[in-house]
Amino acid sequence: MSETSVQPVLHIEDLSVGIADDPARTVVRGVGFDVRPGETVCVVGESGSGKSVTAFSVMGLLPPDSLRATRGRILLDGEDVLQASPERLRQLRATRMAMIFQEPMTALNPVETVGRQIDEVLCIHRDYDRRERRRRVLEMLAAVHLPEPERIFDSYPHQLSGGQRQRVVICIALILEPRLLIADEPTTALDVTTQKQILTLIRELQRKHNTAVLFITHDFGVVAEIADRVVVMNRGQVVEVGACRQILAAPARDYTRTLVSSVPSLVPAPRQPNQDEIVLDVRNLNKVYAERGLFRRSRVVKAAVDIDLTLRKGEILGIVGESGSGKSTVARCIVRLQDPTSGSIRIHGNEIGRTGGRELRPLRQRVQIVFQDPYRSLNPRVKVGESIIEGLINYGTPRTQALERARKLMDLVGLDATVLQRYPHQFSGGQRQRICIARALALEPDILVADEAVSALDVSVQAQVLALLDEIRVRTGIAVLFITHDLRVAAQVCDSIMVMQHGRMVERGSAAQVLTTPKDSYTRALIHAAPGRDWDFRHFRPMPAAAIQATAGT
Amino acid sequence: MNIDPARPGLQAGDPTALPLPAANALVVQLRQALKSPPVFAAFLIFGAVVALAIFAPLLGTSDPVAIDPARRLAGLTAEHWLGTDAYGRDTYSRVLYGARVSLIVGLGAMVASIVLGLVIGVIAGYFRTADSIIMRVMDGIMAIPSILLAIALVSLTGGSLVTVLVAITVPEIPRVVRLVRGVILNVRSEPYVEAAVSLGSPLHRLLLRHMVPNTVAPLIVQGTFIFASAILTEATLSFLGAGLPTEIPSWGNMMADGRMYFQLQPGLVLYPGIVLALTLLSVNVLGDVLRDVLDPKMARKS
């Protein structure tokens with residue numbers, strides 16, 4: 001290959017990282033790869049694969065009291081980072097390598113203006129005078145396409161949106177034109193449309209300065225979008241290294257194959273239209289948050305405006321939208337964790353939107369919810385079995401009978417009945433989510449609300465949980481309201497989809513209709529922004545042109 | 001509503017994401033902490049004070065209130081190990097029985113303020129309408145200097161153990177209420193609490209099973225500080241003459257009595273003073289250890 005003739009910016013060789021107290025236990029073993037100038041190398045892996053630890057080792061940012069590099073070399077332009085003094089590392093970090101993080105809010109200082117934070121970097125590492133520094137900062141703010149650089153310069157981080165903050169972080173990282181940029185899941189916390197913009201921006205700046213980019217991600221869509229080469233990691237080891245196209249089209253290892261093919265397709269599976277009875281009927285649902293202050297003007301936020309939706313028996317309805325679109329508010333109103341401001345919510349004709357207290361209690365068991373974060377959804381002090389039977393006990397089922405039902409449910413969600421005696425911390429995220437589903441199903445509800453229920457899970461686990469939901473739907477005929485920000489997931493499981501933006505419903509229809517012939521411009525923008533849209537992960541090939549056309553909606 | 005970023009530590013299969021230390025892990029950590037000499041010393045001292053208080057009658061003491069005019073202000077003798085005071089009362093016996101008083105006051109104030117504070121705090125944290133009223137009352141109590149409040153109470157009703165206990169407990173309650181309310185406010189938006197709501201769990205189960213257990217760890221820690229501060233406040237009140245009746249052997253009373261004879265018999269002030277200081281120091285050290293173990297977020301970085 002001709003590329004090898006170019007001197008790599010970053011050369012990692014046989015890197016092992018061990019736990020400081022017990023160096024025999026390693027979290028990263030024998031990792032090695034190169035990143036060349038102008039190249040984007042994606043490190044992909046599920047959680048716990050050691051991808052972030054590798055990135056932190058390069059930056060010299062391993063927490064010294066818990067992790068330590070035990071073997072190997074990390075050469076940055078030929079200089080071993082692992083041998084560098086703390087002083088030297090600090091110099092290298094700003095001038096030769098820089099890092100951007102997942103959560104831009106925590107990466108910025110909340111009590112200093114954006115301008116000063118960027119200026120600080122220049123102040124320390126360059127001998128420019130005040131005016132020159134300001135000129136350069138403004139130039140850089142313009143280069144990352146922030147509107148009105150002058151205004152942004154004097155803004156505080158909380159006054160900016162998530163995407164704008166990430167742009168500021170990129171400013172700080174790139175203002176000294178480092179040779180290497182490490183991006184650790186920089187778009188994971190952002191909405192898809194913003195993600196697309198940030199990815200384009202990184203690409204653009206990389207071209208301009210011929211920067212080497214090491215991009216950490218768990219999302220194969222993002223990989224397909226930006227990677228030149230891919231490093232697949234699992235359990236602290238490199239599974240496979242190869243050109244992006246090669247990894248996506250012809251992965252050599254089984255692990256890579258499973259990982260790539262677990263990525264849900266954006267093309268909805270063909271489904272029979274559902275003509276079953278209507279279980280849930282929501283009409284004109286409104287939710288307004290009013291902030292009343294003694295000395296402030298009251299502020300009104302319309303989180304949900306005139307939402308209409310119907311859900312039939314055995315149907316999975318997806319509510320799709322970006323953060324702040326009001327999709328969770330709608331879900332929480334239907335579960336009555338929040339009181340709707342106005343409108344009606346009928347389950348089998350029984351109004352639950354307006355009832356409260358005693359009358360609401362028997363109706364509660366008709367609709368159950370599964371939350372996003374499996375680590376906070378189960379009471380850590382209560383045994384799993386007790387959590388599952390809590391609902392049954394509440395509605396008067398005798399204990400022995402409830403436990404019997406819990407054992408059956410464990411079977412349904414694919415766990416062993418012995419787990420009932422254990423505490424939540426003994427389970428992985430995917431297992432916990434199964435337990436949460438079992439708990440929700442214990443009351444035999446008509447409606448299951450899944451609020452981003454698979455968003456915190458790794459793709460392979462995500463695929464299993466989605467399959468489980470579908471299986472349960474088939475076996476019990478339960479109706480599912482599936483809230484998600486991820487169009488791929490929605491395409492995978494939903495019969496019909498409703499798209500929300502700013503608290504309003506912008507489009508509704510069957511999954512096929514919404515995803516292949518979207519009518520609304522916002523829906524189209526969402527679909528366009530989905531990363532890796534032109535790759536058919538399941539079949540290891542590019543999307544047929546016709547399908548892209550179809551999902552693009554002309 | 002944010003798409004929860006797949007944070008390291010929050011992700012599936014991450015072995016480091018264990019939320020609570022298990023019970024036996026706590027024991028291991030406490031054992032570990034006891035290996036440090038200052039903590040071990042504190043443990044010994046506090047244990048000794050408790051033992052002295054409990055077994056006071058068996059430890060060669062005489063009646064702590066018996067007056068012996070013939071032997072006033074005696075020095076250290078075989079009969080009176082730490083001498084006698086201005087009324088001829090045995091200092092050694094009074095120090096030991098004084099420990100009883102201090103520990104009873106400390107324990108009583110701790111239990112009373114935690115129980116009352118927990119109940120009020122849960123109500124304030126859970127019922128939003130009650131909250132604003134309760135918290136304003138608590139702010140009001142907090143605005144009054146606690147010693148002043150205690151003196152006022154004692155001078156209104158006369159000094160007795162119960163009055164002193166009330167006087168010490170009342171100013172402590174608002175702090176406990178704030179702590180409990182904060183925890184409840186935090187935990188009520190936890191998904192597992194919301195899940196319990198949608199499972200139709202009745203109020204008592206929501207509170208007792210899902211919310212209140214979260215307050216136990218911070219309350220234990222707060223309790224040790226209340227314990228120490230109650231002992232100190234009682235001594236202060238007694239020393240000022242606003243506490244227990246002077247014949248009752250309490251460290252504060254002894255120091256107040258001995259003050260006038262300091263040049264003749266400095267031990268009358270020093271012995272109860274030293275024991276008081278050691279007790280407070282050891283309780284505070286043990287409280288810090290408990291805090292570090294139960295609340296790792298607040299632990300100092302080593």
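Does A:Glu444, with 13 C-beta neighbours inside 10 Å, count as buried, exposed or partly exposed, and why? In this predicted model, A:Glu444 is classed as partly exposed because its 13 neighbours lie between the limits of 12 or fewer for an exposed residue and 20 or more for a buried one. A:Glu444 is placed in the loop that links α16 (429-441) to β17 (447-451) of chain A, and its phi is near 50°, a positive value in a residue other than glycine. Most residues other than glycine have a negative phi. A positive phi near 50° is also found at A:Glu185, which sits in the loop between β7 (180-184) and α8 (192-209) of chain A; A:Glu185, however, counts as buried, because 23 C-beta neighbours lie inside 10 Å.

The secondary structure of chain A comprises 21 helices and 22 strands.

Within chain A, an open sheet of 6 strands has the order β16-β17-β18-β13-β19-β20, with mixed pairing. Its edges are formed by β16 (367-370) and β20 (504-510), each of which pairs on one side only, and neighbouring strands are turned against each other by 20° on average, direction ignored. The strands β16(A) and β17(A) run parallel and are joined by 4 bridges; in one of the residue pairs, A:Val367 has A:Ile447 in β17(A) as its bridge partner. The helix α16(A) lies across both β16 and β17 of chain A, at about 170° to β16(A).

A:Ile447 also belongs to the largest nonpolar core, which has 143 residues and in which A:Ile334, A:Ile447, A:Val449 and A:Leu481 have the most contacts. A second, separate core contains 81 residues, including A:Ile100, A:Met140, A:Val238 and A:Leu259. Leaving aside residues up to four places away in sequence, the residues touched by A:Ile447 include A:Val279, A:Leu280, A:Leu311 and A:Ile347, together with A:Arg366, A:Val367, A:Ala479 and A:Leu481.

Definitions and conventions: Residues are numbered from 1 along each chain as its sequence is written. Chains are lettered from A and ligands numbered from 1 in the order in which they are written. This is a predicted model: local features need pLDDT of at least 70, side-chain atom pairs count only at pLDDT 80 or more; totals for chains, interfaces and linings use all residues. Helices (H or I, at least four residues) and strands (E, at least two) are DSSP runs, numbered from the N terminus. A nonpolar core is a set of buried Ala, Val, Leu, Ile, Met, Phe, Trp, Tyr and Cys residues joined through C-beta atoms within 7 Å. Two residues are in contact if their C-beta atoms, placed from the backbone, lie within 7 Å. Two strands pair if DSSP finds at least two bridges between them. Axes are lines fitted to C-alpha atoms, for helices over the stretch in contact, and angles run from 0 to 180 degrees between N-to-C directions.
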